[in-house]
Amino acid sequence: MPYAIYLRKSREDREAEARGEGETLARHKTALLELAKNRLLDIGAIYEEIVSGETIAARPKMQQLLEEVEDGKWDGVLVMEIERLARGNGIDQGIVSQAFSVSGTKIITPYKTYDPTNEMDEDYFEFGLFMSRREYQTIKRRLVSGRIASVKEGKYMGSIDPFGYRRVKLQGEKGWTLETVPEQAEIVQKIYQWYLDSSILQVQKKALAAGYTTSTGLAWQQANVMALLRNPIYCGYVTWGRKKSEKQMKNGKIIKKRKVVKDFVKARGRHEAIIPEDMWNAVQKKLDETPAVPIPKSKLMRNPYQGILYCACGHKMQLVSTTRTQRKGEPSTPYYGLHCPSVSCKMISSRVHAVDAAVMGAMREWISGYESKNTNPSGVAEAQLDEIQSFISASEKELEKLDAQYNRAFELVEQGIYTTEQFIQRRDDLQKRKTDRKEQIKDLESKRDKLQAAMSVEIDLVPQMEHVINAFPIATVEERKELLQSVFDRIEYRKELKPGQTIREAKIELTLYPRVPKCI
């Protein structure tokens with residue numbers, strides 16, 4: 001079996017790159033490939049972890065590597081140091097240790113090879129992971145202390161530009177500060193004044209009427225307005241730790257939620273304030289004294305299309321509610337609609353019940369179209385399957401020949417017919433051809449699996465859709481959401497005015513994306 005290479009940047013690597021010491025992963029890849037060449041190790045894959053994550057859950061390449069290690073795919077894994085494999089908590093370290101121990105996969109570094117079947121190596125490996133975790137915690141504390149010190153010096157530590165500002169590098173020293181963006185700063189000033197004169201809801205309506213958008217180009221929502229009004233950065237302060245992550249266990253997984261806290265570091269920043277401090281304090285006082293308005297349970301409405309219904313422009317459709325005035329003496333009733341949050345979108349919003357009717361109608365049409373087919377498309381598909389399978393068989397036979405040639409190369413070098421240089425050149429050529437053939441087989445198998453799934457998806461979906469149509473009218477909002485998610489990955493919404501039409505005449509057009517089984 002071949003070997004794999006795993007590459008991941010550490011925090012120290014990023015600091016070294018900032019000092020101009022070169023790109024880390026490229027240097028590490030060169031070093032590990034040279035190590036493989038000197039030891040005549042067959043490299044089957046190279047995993048480069050681009051994202052930065054404390055835990056295995058945040059590192060997709062590491063997850064893939066561990067799955068393959070557990071399956072016994074690799075004889076060994078090459079890394080610069082064992083610390084590159086896991087610096088997370090004890091659970092993560094245990095997962096890594098168990099995967100390599102159970103499968104007997106070696107860990108090869110430029111300095112030492114760890115054999116998990118050897119008791120002393122296993123102990124040394126686990127001790128190395130433990131010390132790595134301690135070192136990580138020490139570095140983390142040092143970095144946090146450094147960032148708090150920078151905040152106290154008035155530097156901005158955020159990674160993105162807050163609305164109204166842009167980040168600029170400080171001249172002659174490390175760190176960043178903020179520079180005002182005039183057109184956005186004017187909007188910030190208006191929002192603060194509007195709130196002092198009205199309410200958050202009225203501020204949102206005025207922002208929508210004026211066509212203002214957030215930094216991401218979306219319409220202002222009440223949550224955006226609240227976050228802006230609460231941010232001390234607009235009256236000239238910088239902060240650290242204002243939002244802290246809280247870990248929670250949900251469905252067996254650890255999730256993080258950010259929560260605003262009262263105990264945080266706050267210092268006068270080096271940037272120019274957009275809002276006078278007395279105005280900012282007045283806004284905070286009004287926010288603190290304004291109680292949240294509870295929503296009566298009778299009027300509580302959740303979005304059954306959350307995460308499923310998308311506007312044709314690409315944005316997720318959002319649920320909105322307004323109060324519809326009845327005749328004199330009759331109580332007002334809530335009106336729920338679905339709309340696209342993008343200000344530039346030309347699609348018309350619709351009431352929820354109208355979308356319900358359109359979705360049920362589209363499902364009935366889909367079922368009717370399937371049942372009315374008088375041709376047998378499966379015959380064509382089966383012929384395609386036979387053709388793909390014949391290609392797979394031919395490619396597997398070719399791979400067996402390459403394996404035989406690969407083994408023959410080892411015999412020739414042992415007999416002295418091949419020099420080491422000739423062997424490495426021949427091995428690399430055969431390995432490239434083997435890799436190309438394996439990729440070809442993998443692509444063919446993927447096409448085969450997708451074709452098989454496509455053949456079965458319609459048959460499987462018909463009874464599922466019929467169940468959704470029958471259960472939908474009597475289901476709760478939460479149940480409707482589950483029903484829709486059981487058959488759809490996505491529903492695309494389109495409703496636009498055509499020449500000569502009125503808004504009432506505009507029709508909802510839907511594109512259904514059924515939930516296709518994932519191919520293994």
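Is aspartate 278 buried or exposed? Select aspartate 278 and you will find that this residue is exposed, because its relative accessible area is 58%; exposed means over 50%, buried under 20% and partly exposed in between, with a 1.4 Å probe and protein chains only.

Before you go on, please note that this is a predicted model, in which local features need pLDDT of at least 70 and side-chain atom pairs count only at pLDDT 80 or more, while totals for chains, interfaces and linings use all residues. Residues are numbered from 1 along each chain as its sequence is written, and side-chain values use heavy atoms, with hydrogens and water left out.

**Stop 1: the whole chain**

Colour the chain by secondary structure. There are 13 helices and 17 strands; these are DSSP runs numbered from the N terminus, with helices being H or I of at least four residues and strands E of at least two. Of the 520 residues in the chain, 36% are buried. The chain exposes about 31,200 Å², and 51% of that comes from carbon and sulfur atoms; the areas come from the Shrake-Rupley method with a 1.4 Å probe, and for residues only the protein chains shown count as cover.

**Stop 2: around aspartate 278**

Back at aspartate 278, the residue lies in helix α9.

**Stop 3: helix α7 and its cover**

Which residues of α7 are buried? Select Ile200, Val203, Gln204 and Ala207. Look down the axis of α7: these buried residues fall within an arc of 100 degrees, so they line one face of the helix. The arc is that of the directions from the helix axis to the C-beta atoms. An α-helix has 3.6 residues a turn, so residues three or four places apart point the same way. After α7 comes glycine 211, with a positive phi near 80 degrees.

**Stop 4: rings and charges**

The structure holds four aromatic pairs. Rings of Phe, Tyr and Trp (its six-membered ring) pair if their centres lie within 6.5 Å; planes under 30 degrees apart count as stacked, over 60 as edge-to-face and the rest as tilted. Select tryptophan 194 and tyrosine 212: their ring centres are 6.2 Å apart and their planes are at 20 degrees, so this pair is stacked. It links distant parts of the chain, with tryptophan 194 in helix α6 (residues 182–197) and tyrosine 212 in the loop between α7 (200–210) and α8 (222–230), 18 residues apart. Tryptophan 194 is buried, with a relative accessible area of 17%, and tyrosine 212 is buried, with a value of 17%. Next, pick Tyr165, Tyr192 and Tyr234, which form one aromatic cluster.

Two charges sit over rings, under this rule: NZ of Lys or CZ of Arg is within 6 Å of the ring centre and within 35 degrees of the ring normal. The charged end of lysine 112 is over the ring of tyrosine 114, 5.4 Å from its centre. Arginine 490 lies over the face of tyrosine 310, 3.9 Å from the ring centre.

**Stop 5: the nonpolar cores**

A nonpolar core is a set of buried Ala, Val, Leu, Ile, Met, Phe, Trp, Tyr and Cys residues joined through side-chain atoms within 4.5 Å. Which members of the largest core touch the most other members? Among its 34 residues, they are Tyr305, Leu309, Val359, Met363, Phe488 and Ile491. The elements giving two or more residues to this core include α10 (352–371), α12 (420–471) and β16 (488–494); α10 gives the most, with eight residues. Centre on leucine 309: leaving aside neighbours within four places in sequence, this residue is in contact with Lys316, Met317, Leu338, Val355, Ile491 and Tyr493, where contact means heavy atoms within 4.5 Å. Another core, of 29 residues, lies apart from the largest one and has Tyr165, Val225, Leu229 and Ile274 among its members.

**Stop 6: the end of helix α5**

Alanine 149, in helix α5 (residues 119–152), is partly exposed at 34% relative accessibility. Serine 150, also in helix α5, is buried, with a relative accessible area of 16%. Leaving aside neighbours within four places in sequence, serine 150 is in contact with Lys155 and Met157.
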